[in-house]
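Please open the structure in the viewer and keep the selection tool at hand.

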Amino acid sequence: MQTIFSTDGLPPKDRFRHWRDVCEDRIVPMEQSCLGDETFDATIDGASFGGLDFSMFSLRNLRASTTPRTLRHENHRTDHLFVSMVLSGTVRSDQNDRSSTDRAGDFAVRDTNTPWTIEHSGHSEVLAIAIPRQRLESVLGPARIFAGLTVDGDRPVTTLARSFLTNLLHQGDRLPAHSAERMVGVGIDLIVACLAERLAQEVPRPLHGTLVIQRAKAFIEANLGDPTLDPPMLAAAVGVSLRRLQELFHERGQHISDWIWQKRLEAAATRLADPGCTHLSIGALAYGCGFANQAHVARRFKARYGMAPSEHRHAALMNARPGPTAPAAASPRS
């Protein structure tokens, strides 16, 4: 990570003003104020790789809020959500009628579309990760469902996610671009798993079916490579009967098996087009996506996309090469 801002060397009277300008460019416009009479000090370290921005904030005695006024600011970012992971100290937060005190290891998601307030009493360190809104909402539903909920840092899945993300932060700039994107994808999947588990703890009954579906889809995404993944296994993983899970999918016009194979085909198409996977045979790649063999993926792939896996790979790699002569890849069938 590189140091983006530090109050070291700045006159005490100028520190907070400089901090506010840099911090709001890095996150979103906010109303900020100091807590207490101590001299303000803070640092921001940042890194960008795999399509995500990582920011490490070290600061003390600060109150920051987004308000209806700041949300209308022209520089306000609405296309991202911020995962805020406390590394040391405590952070008090309010959003969506939820109040919590997050301690070291805990994390929460801040929704950039609704007001929030955070307070750093004493010294704290926070890792903030800007994640495209669609990456979380496509699996978990609208951000209002999960934004502001504290995910307990002592839970096993949270410990795993925190360890992976902090290690990735230190190694990310050393990874090739395609590897960084894949590792970032793993990190987002772990965050989704943490949030899905947290949502299952306390949820209004009308939302229960929606959350079961969200947890089921998150489990599918995380286990596509398991050839034994099937509806009974999925039902057991999310803690409902197979009949109930089938009903919930049917209510949404879907079938469990169809959804699993759709996601496997999408994963295979993505990996076939990935230059970082060219060393893998189509058979090995297919097996990694949960297909039984190369003939199996070829049959399903052609039915879905109208071309053989080898044709898709060739077209994608040709498109990736510079020059005007590269042919366009065929469009998938609806």
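Begin with the lining of the largest pocket, whose residues divide into 21 nonpolar, nine polar and twelve charged. In this scheme Ala, Val, Leu, Ile, Met, Phe, Trp, Tyr, Cys and Pro count as nonpolar, Asp, Glu, Lys and Arg as charged, and the others, Gly among them, as polar.

The model is predicted, with local features requiring pLDDT of at least 70 and side-chain atom pairs counting only at pLDDT 80 or more, while totals for chains, interfaces and linings use all residues. Residues are numbered from 1 along each chain as its sequence is written, and side-chain values use heavy atoms, with hydrogens and water left out.

**First stop: the largest pocket**

The volume of this pocket is about 1,500 Å³. Select Gly-185, Val-186, Asp-189, Glu-221 and Ala-222, which are the closest to its centre among the 42 lining residues. Next, colour the helices H3 (133-140), H5 (177-199), H6 (205-222), H7 (231-238), H9 (256-272) and H10 (282-288), the elements that give two or more residues to this lining. H5 gives the most, with 13 residues.

Some terms need their cut-offs here. On a 1 Å grid over the protein atoms alone, a pocket is an open set of points with protein on both sides within 12 Å along at least five of seven lines, a cavity is a set where a 1.4 Å probe fits but cannot get out, and lining residues have an atom within 4 Å of a point. Points are joined across faces, edges and corners, and a volume is the space filled by probe spheres set on them. Helices (H or I, at least four residues) and strands (E, at least two) are DSSP runs numbered from the N terminus.

**Second stop: the largest cavity**

The structure holds two cavities of 30 Å³ or more, and the largest has a volume of about 250 Å³. Select Ile-27, Phe-57, Ser-84, Ile-118 and His-120, the closest to its centre of the 19 residues that line it. Helix H1 (12-26) and the strands E4 (52-66), E5 (80-88) and E9 (116-132) each supply at least two lining residues. The largest share, five residues, comes from E9. By class, this lining has 15 nonpolar, three polar and one charged.

Select Leu-52, Phe-54, Ile-129, Ile-131, Leu-165, Leu-168, Val-184, Gly-187, Ile-188 and Ile-191, which line it. E4, E9, helix H4 (156-171) and H5 each give two or more residues to this lining. Which element gives the most? H5 does, with four residues. The lining has nine nonpolar, one polar and no charged residues.
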